[in-house]
Amino acid sequence: MQINLNKLAKVFVPVVLGFTLVSQSAFAGKGEYDGERKHKRGGHSEIHFIMKKLDLTEQQKEQIKSIKASNQAQRESLKEDLKTFHQELRNLVISDNYSEEAAYALVAQYQSQLNDKLVLSATMRNQIRAVLTTEQQAKFDKIMAHMKKRKHKKHHAHKKSRDGE
């Protein structure tokens, strides 16, 4: 089966550009972004917010702090790479030399970093979850599901208002 690149480009490039522009506007004016979304209360990350809800022991707190610290350098590196990607994509969009091929090349160039960020986040959450007791894990999972549901609702509410529905 042969893939028609023009048809694929007509679908893929607008999606990537839309995602990039929406994700950038979502973080505009919200202060420093450290690779994790900041929770509205006190500027802490979601993980920090969830950890406060789990009644952790001092040993668990130290283990989680160690996990976050051990991943910090890689998170910072990926943050800078992705910041560069978003800037280059914005520059391409406003350039007189824009082409779908150039957009594809740019996305392909940074696909590895995008994948690394997702895997790093999943790995870190898995490591943190492993520190928790069975009861804490259940509560952690429940909180994460609730947060995901709220984000999904918020996203769709924003989308409806933006689309004029």
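Predicted model: local features only at pLDDT ≥ 70, side-chain atom pairs only at ≥ 80, totals over all residues.
View A. Beyond the neighbours within four places in sequence, Asn 71 is in contact with Leu 120, Met 124 and Gln 127. Asn 71 belongs to helix α3, which spans residues 58–94. The relative accessible area of Asn 71 is 9%, under the 20% cut-off, so this residue counts as buried.

**View B. The largest nonpolar core.** This core holds 16 residues. Those touching the most other members are Ile 50, Met 51, Leu 54, Ile 64, Ile 128 and Phe 140. Two or more residues each come from α2 (46–52), α3, α4 (100–131) and α5 (134–163). In soluble globular proteins, nonpolar side chains tend to be buried together.

**View C. Surroundings of Met 51.** With neighbours within four places in sequence left aside, the contacts of Met 51 are Leu 56, Ile 64, Ile 128 and Phe 140. Among these, Ile 64, Ile 128 and Phe 140 are also listed with Met 51 as core residues that touch the most other members.

**View D. A second, separate core.** Five residues make up this core, including Phe 85, Leu 89, Val 107 and Tyr 110.

**View E. A nonpolar surface patch.** Val 93, Ile 94 and Tyr 98 make a patch of about 280 Å². Ile 94 lies in helix α3, the helix that also contains Asn 71. Is Ile 94 buried or exposed? Its relative accessibility is 68%, over the 50% cut-off, so Ile 94 counts as exposed.

Terms used
Residues numbered from 1 in each chain as written. Heavy atoms only, no water. Helix = DSSP H or I, 4+ residues; strand = E, 2+ residues; numbered from the N terminus. Buried < 20%, exposed > 50% of the residue type's maximum accessible area, 1.4 Å probe, protein only. Contact = heavy atoms within 4.5 Å. Patch = residues over 30% accessible without salt bridge, like charges linked within 9 Å, V, L, I, M, F, W, Y side chains within 5 Å. Areas by Shrake-Rupley, 256 points an atom, 1.4 Å probe, with all protein chains shown as cover. Salt bridge = Lys/Arg side-chain N within 4 Å of Asp/Glu carboxyl O. Core = buried A, V, L, I, M, F, W, Y, C linked by side-chain atoms within 4.5 Å.
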